Structures are given as structure tokens and as C-alpha cells.
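Work through the exercises below with the sequence and the model at hand. Each task is followed by a solution in steps.

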Amino acid sequence: MAHEDWLQTLAEVAVAFAGFSGLLAGIRERSQRESRINVTRLRTIVETSLSVLAFSLLPALLNGIGLGEVGAFRISAVAFLAGFIPLTVRGFRRFRIAHGGPALGSSPLLGATYLASATALVAGVGCAVGIPRSAVPTLYLVALAGTLAIGALNFLGSAIEYSGAESPD
């Protein structure tokens with residue numbers, strides 16, 4: 001299967017991020033507001049990590065049960081989008097509520113998270129539609145990498161917060 005090594009690498013990185021989120025959860029909390037924001041970040045890291053892990057394995061599973069390679073990636077992309085869209089909307093809503101309002105537009109990390117989300121969405125749709133057919137596996141990898149980037153940006157936000165530096169959020 002094309003890109004199987006890349007899928008395995010994405011799964012391994014996703015597991016590492018999920019593990020790091022456990023370490024972050026053990027670090028002391030500061031104020032109640034910072035606690036809500038960090039819990040939201042940790043939930044996002046875990047959700048993105050576990051979804052990337054699952055969706056990294058799905059195309060190989062589908063291909064292994066007899067589906068063609070392109071078909072396996074396209075079906076995986078449809079399943080990915082069915083979860084990605086509502087989880088992303090809910091995640092941004094949760095973060096806005098935890099932050100205490102809509103004044104998030106100027107954050108560099110938030111802007112990067114929007115960009116990663118849009119990249120994952122566009123690549124996922126392109127893969128599901130199958131246009132261009134030759135790029136279907138690559139588009140799927142881009143969608144998963146964009147999703148993993150969302151978790152990585154939340155990890156970065158948590159690390160900045162825990163380090164005592166001024167958080168861009």
C-alpha cells in the first residue's frame with residue numbers, strides 16, 4: 001500500500017502526543033480560567049491524537065480486507081470527515097467558552113490552528129472526492145498531518161502556559 005510507512009509514522013507521533021498530554025495533565029494548574037483553557041487543550045490533544053491513530057490504521061485495514069488502494073483511502077477520508085468536522089467545530093466552541101469570549105482572533109496559535117484545520121478539511125474533502133485520483137493517498141496524509149498539527153499547536157500552547165511565559169492565547 002502506498003504511503004504505509006507515512007501512515008505508521010503519523011500513528012506513532014499521535015501516540016507520543018497522547019502520552020505527552022498525560023504528562024501535561026499532571027503539572028499543576030494555576031487559576032481557574034487557565035485550568036479551563038488547559039483542560040480544553042488537553043482534550044483537544046487527546047482527541048486529535050486518538051483520531052489520527054485510528055485513521056492512520058484504517059486504510060491498511062480496508063485494503064487488507066480486499067478494497068482497492070484508492071477506494072480504501074477515499075472511504076477512510078469520508079469516515080475521517082464525518083468525525084473531523086463536528087469535533088473541530090465543537091473544539092473551537094469549547095476553547096472560546098473556556099477562554100471566556102470571542103476575543104481570540106489575534107492569537108498566532110489560534111490562527112495557525114485555523115490554518116491547520118482548514119488544510120485538513122480541504123485535503124480530506126479532496127481525498128474523499130478523489131480529485132485528482134493520483135493524489136488521493138497524499139491528500140489523506142495531508143489531512144491527517146493537519147489534524148496532528150492541531151494537537152501539536154495545543155501542546156505548544158500548554159507548554160507555553162506551563163513554562164510561565166506569556167501565552168499568545
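The expected span of a helix is 1.5 Å times one less than its number of residues. Helices are DSSP runs of H or I with at least four residues, strands are runs of E with at least two, and both are numbered from the N terminus. The model is predicted: local features need pLDDT of at least 70, side-chain atom pairs count only at pLDDT 80 or more, and totals for chains, interfaces and linings use all residues. Residues are numbered from 1 along each chain as its sequence is written, and side-chain values use heavy atoms, with hydrogens and water left out.

**Exercise 1.** Describe the fold of the protein chain, then compare the span of helix 4 with the expected one.

Solution. Start with the elements: the protein chain has five helices and zero strands, in the pattern α-α-α-α-α along the sequence. Next take helix 4, which has 22 residues. From first C-alpha to last, helix 4 reaches 32 Å, close to the expected 32 Å. Just after helix 4, Gly-130 takes a positive phi of about 85°.

**Exercise 2.** Classify the aromatic pairs Phe-55 with Phe-80 and Phe-92 with Tyr-114.

Solution. Rings of Phe, Tyr and Trp (its six-membered ring) pair if their centres lie within 6.5 Å; planes under 30 degrees apart count as stacked, over 60 as edge-to-face and the rest as tilted. By this rule there are four aromatic pairs. For Phe-55 and Phe-80, the centres are 5.8 Å apart and the planes at 90°, an edge-to-face pair. Phe-55 lies in helix 2 and Phe-80 in helix 3, so this pair ties together parts 25 residues apart in sequence. Both Phe-55 and Phe-80 are buried. The rings of Phe-92 and Tyr-114 have centres 4.4 Å apart and planes at 15°, so they are stacked. Phe-92 belongs to helix 3 and Tyr-114 to helix 4, so the pair ties together parts 22 residues apart in sequence. Tyr-114 is partly exposed, with a relative accessible area of 45%.

**Exercise 3.** Describe the lining of the largest pocket, and follow Gly-91 within it.

Solution. On a 1 Å grid over the protein atoms alone, a pocket is an open set of points where a 1.4 Å probe fits, with protein on both sides within 12 Å along at least five of seven lines; lining residues have an atom within 4 Å of a point. The lining of the largest pocket has 26 residues, and Thr-44, Thr-48, Gly-91, Ile-150 and Asn-154 lie nearest its centre. Helix 3 gives the most to this lining, with nine residues. Gly-91 is found in helix 3 and, at 13% relative accessibility, counts as buried. Gly-91 and Arg-43 are 48 residues apart in sequence and 8.7 Å apart in space, C-alpha to C-alpha.

Definitions and conventions:
Buried means under 20% relative accessible area, exposed over 50%, partly exposed in between (1.4 Å probe, protein chains only).
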